[in-house]
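Please open the structure in a viewer and keep the sequence at hand.

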Amino acid sequence: MPTIMAYHNVKDTKHWLASPIRKQVFEPIGVTNIRTFIDPQTSNRVGLVMDVADMEKLMAFMQTKAAADAMEHDGVLPESLVLLVQS
């Protein structure tokens, strides 16, 4: 099971940290052990580390309206999203 690191910018860090949406959308597709991070030098840059059971399922999900809606709700700036896969 690969571990993924994702980082991106958000409109409101406190809102993003408090949001239950990540868990609600990722757990049904097999994403577990989601941990959140903030950049102490850039207040609106945040990140996640998570374990992904099925990378194809995750990547397909990221192209859906449900993923776009979740990012919009959480204030994610999608153009800033970077995904890194543990090698």
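A residue is called buried under 20% relative accessible area, exposed over 50%, and partly exposed in between, with a 1.4 Å probe and protein chains only. The model is predicted, so local features need pLDDT of at least 70 and side-chain atom pairs count only at pLDDT 80 or more, while totals for chains, interfaces and linings use all residues. Residues are numbered from 1 along each chain as its sequence is written, and side-chain values use heavy atoms, with hydrogens and water left out.

Select Arg45 to begin. Arg45 is partly exposed, at a relative accessible area of 33%, and belongs to strand β3 (residues 45-52); strands (E, at least two residues) are DSSP runs numbered from the N terminus. Beyond its neighbours within four places in sequence, Arg45 is in contact with Tyr7, His8, Asn9, Ile38 and Asp39, where contact means heavy atoms within 4.5 Å.

Proceed to Asn33, in strand β2 (residues 31-38). Asn33 is not a glycine, yet has a positive phi of about 55°. Its relative accessibility is 43%, and Asn33 therefore counts as partly exposed.

Finally, select Ser80 in strand β4 (residues 76-85). Is Ser80 buried or exposed? Ser80 is buried, because its relative accessible area is 18%. A polar atom of the Ser80 side chain lies 2.6 Å from the backbone oxygen of Leu77. Leaving aside neighbours within four places in sequence, Ser80 is in contact with Tyr7, His8 and Asn9.

Definitions and conventions. Helices (H or I, at least four residues) and strands (E, at least two) are DSSP runs, numbered from the N terminus. A polar contact is a pair of N or O atoms within 3.5 Å; within protein, one must be able to donate a hydrogen and the other to accept it, and residues adjacent in sequence count only if both atoms are side-chain atoms.
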